[in-house]
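I opened this model to look up a few things and wrote them down as I went. The entries follow the order in which I checked them.

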Amino acid sequence: MKNPLPPLNAVRAFAVAARHQSFSLAAEELHVSHSAVSRHVKLLEEHLGVLLFERRVRQSLLTPAGQRFFQQVSAGLAQIADAAAELKQQAARPTIKINVRPSFALLWLTPRLADFTAQHPHVETQVVTQTQSPDPARDDFDIVIRRGRDDWAPSLEAHALFEDELVLVAAPALIERLPLADLAGLSAHTLLTVRARREDWHHWARHFGQSQSTTQVVRQFDYMHRVLEATVDGEGLALCPTTLLGTHLSSGRLVCPLPDLRMPLPRYYFGIAPQASAYTKLFIEWLHKQRP
């Protein structure tokens, strides 16, 4: 090699000491002794044949030669650090960022993600919850899943996923105490709903040729999972999309007292961000195999 490298450990010790203007602070940062830093700097000075520091009682000041060397060494070490960080990032576990609404994340997606991870253990999934539809120009995600196609960013193409229906659910004990044979019996119950979907009861009743009573007791919650919790506790009846029911019906926590009354809902769609990870296609393949 035409220009052999100086001792690199000594260069690193010098750079830290020069930044702090102190051997003691450099030793603290490097987790070595003060004498170890001093030996490294002395070794480097001998290798270069110049003094790098002017030693004083409580401070070590850079000489003009030390200042020039520090400027060049700092740039070189920063370049090495950036190269290492870039390589580590490229070698890191690939990640898929999935943007969904909070209730869909909690009630549909999260319970199923273990299956995807089991099939693709080398891929990490990050669930990002957001009520409004994301925009690739503003938000960081690979795939978005939403019901309907309202408010989608122009750069996102919506792909059909699965259909959904709105059904009536209740706690078994509540129906035993207050049987519900038809829509007329709703007046004896408290109706539970999500604020963002507070018109569901009106649309549902109208879909089946009925009208909601103006004196009907209605309680509103911020999220669908809170509605389901209150329904399981017997606090009232709820309308819930079938996609968000999870195991509530199969486990018996809830029942569907009027099973034939199902109102179609806008179907779910997914969109892929322009800068999406190449591994997103694995998630999409898995997604198409899931039952709503």
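**Entry 1: Glu163 and its partner.** I started with Glu163, which counts as exposed at 56% relative accessibility. I note here that the model is a predicted one. The side chain of Glu163 meets that of Arg267 in a salt bridge, with 3.8 Å from N to O. I kept this pair on the list because the cut-off for a salt bridge is 4 Å. Arg267 is partly exposed, at 28% relative accessibility. I then looked up where the two residues sit. Glu163 is in the loop between strand E6 (159-160) and E7, and Arg267 is in the loop between strand E11 (263-265) and strand E12 (268-272). The pair links distant parts of the chain, 104 residues apart.

**Entry 2: other salt bridges.** How many salt bridges does a search of the whole structure find? I got 11. I wrote up two more of them.

Asp164 and Arg147 meet through their side chains, at 2.8 Å from N to O. Asp164 belongs to strand E7 (residues 164-169) and Arg147 to strand E5 (residues 143-147), 17 residues apart. Is Asp164 buried or exposed? I found Asp164 buried, with a relative accessible area of 4%. Arg147 is partly exposed, at 21%.

Glu29 forms a salt bridge with Arg19, and their closest N and O atoms are 2.8 Å apart. Glu29 lies in helix H2 (residues 23-30) and Arg19 in helix H1 (residues 8-20), so this pair ties together parts that are 10 residues apart in sequence. I recorded both residues as partly exposed: Glu29 has a relative accessible area of 36%, and Arg19 has 47%.

**Entry 3: domains.** I looked up how the chain is divided. The assignment gives domain 1 (8-91), domain 2 (95-162 + 267-289) and domain 3 (164-265). I also took down the distance between the C-alpha centres of domain 1 and domain 3, which is 69 Å.

**Entry 4: nonpolar cores.** The largest nonpolar core has 37 residues. Which of them touch the most other members? I listed Ile98, Phe104, Leu109, Ile145 and Phe283. Helix H5 (residues 102-119) supplies the largest share of this core, 7 residues. Domain 2 and domain 3 both give residues to this core, so it lies between them.

I found a second, separate core of 21 residues, with Val16, Ala18, Phe23 and Phe69 among its members.

I then went back to Phe283 and looked up its contacts, leaving out residues up to four places away in sequence. Phe283 touches Ile96, Ile98, Leu109, Leu113, Phe116, Ile143 and Ile145.

**Entry 5: His248.** Where is His248 found? I placed His248 in the loop between strand E10 (237-241) and E11. His248 counts as buried at 13% relative accessibility, because the cut-off for buried is under 20%. A polar atom of the His248 side chain lies 2.8 Å from the backbone oxygen of Leu245. Leaving aside neighbours within four places in sequence, I found His248 in contact with Leu228, Val232, Arg253 and Leu254.

Conventions:
Residues are numbered from 1 along each chain as its sequence is written. This is a predicted model: local features need pLDDT of at least 70, side-chain atom pairs count only at pLDDT 80 or more; totals for chains, interfaces and linings use all residues. Side-chain values use heavy atoms; hydrogens and water are left out. Helices (H or I, at least four residues) and strands (E, at least two) are DSSP runs, numbered from the N terminus. Buried means under 20% relative accessible area, exposed over 50%, partly exposed in between (1.4 Å probe, protein chains only). Domain bounds come from an automatic or database domain assignment. A nonpolar core is a set of buried Ala, Val, Leu, Ile, Met, Phe, Trp, Tyr and Cys residues joined through side-chain atoms within 4.5 Å. Contact means heavy atoms within 4.5 Å. A polar contact is a pair of N or O atoms within 3.5 Å; within protein, one must be able to donate a hydrogen and the other to accept it, and residues adjacent in sequence count only if both atoms are side-chain atoms.
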